[in-house]
Amino acid sequence: MIRRRWLTAVIIVLLVGIPAGYLVISAGQSRDSGRDKERESSVVGLQDNWPSQMKRRVFEVPIPRGAWDVAYYETSNWKTSRLYVRFTTTATGLDTFLAESGASRAELTPGRVTVGERDADIVGWTFGPDATWSGTTVTRERPRPATDVTVDLTDPAFPQVYVVSTTSP
C-alpha cells in the first residue's frame, strides 16, 4: 500500500514537475530574448558588430570571412525592411562578396555611388569626391532583396564596402 502511494507520488511529480520546470526555463529564455531584441531595435545608427547569421541570410549580405571594421544597422516598418552594412576586406574578399551576392567586379561602375542620399543620411555615410567610388545594384526576383553595393577602391588592396539591402514583404 505504501509502495503504491509512493509510486503514484513519483509519477505525479514527473508528469507535472518536469513540464512545469521546462515552462519556467523557457519563459526566462523568452523574456531575455525579448529584452535583447528590444535593446537592439532601440539603437540608432550603425552598431560596430557583425549582423546575425539570420539577418545576413534574410537580406542576402554574405560578409566575407576575415572582414574587419564591420558595422550594421537595420530598419523595418510595415512596408520595407533595410539592412545597412559597412565592412573592410581584401581584394579577394571583395571578389568573394560580389560573387556570393550575385555580381562581379566587372559589374562595378567606376564613379557610381549606388547608395542613395537618404540611406546614407540614415547611417551617417558620406561619399565625397576624395575617394575612388564604384558601385552596382543587384536586383533579384521579389520577394528577395535588392542590394545596392558601393565600394571605396581608394586602396584597392583593402576596399571598404557599403551595402544597403532592401526587402519588401
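This is a predicted model: local features need pLDDT of at least 70, side-chain atom pairs count only at pLDDT 80 or more; totals for chains, interfaces and linings use all residues.
A residue counts as buried when its relative accessible area is under 20%. The burial holds for both faces of β2. S81, L83, V85 and F87 point one way, and all are buried. R82, Y84, R86 and T88 point the other way and are buried too.

Strand β2 has two pairing partners, β1 and β6. Strand β1 spans residues 68-76 and pairs with β2 in the antiparallel sense over 7 bridges. Within this pairing, W68 stands opposite T88 of β2. The two strands form a hairpin, with 4 residues between β1 and β2. Strand β6, residues 160-167, also runs antiparallel to β2, and this pairing comprises 8 bridges. Here L83 has S165 of β6 as its bridge partner.

The pairing continues from β6 to β5. These two strands are antiparallel and share 7 bridges. T150 stands opposite Y162 in β6. Strand β5, residues 146-152, is mostly covered, with 6 of its 7 residues buried. Strand β5 also pairs with β4, residues 133-138, in the antiparallel sense over 6 bridges. In that pairing, S134 has V151 of β5 as its bridge partner.

Taken together, the pairings link β1 to β2, β2 to β6, β6 to β5 and β5 to β4.

Definitions and conventions. Residues are numbered from 1 along each chain as its sequence is written. Side-chain values use heavy atoms; hydrogens and water are left out. Buried means under 20% relative accessible area, exposed over 50%, partly exposed in between (1.4 Å probe, protein chains only). Two strands pair if DSSP finds at least two bridges between them.
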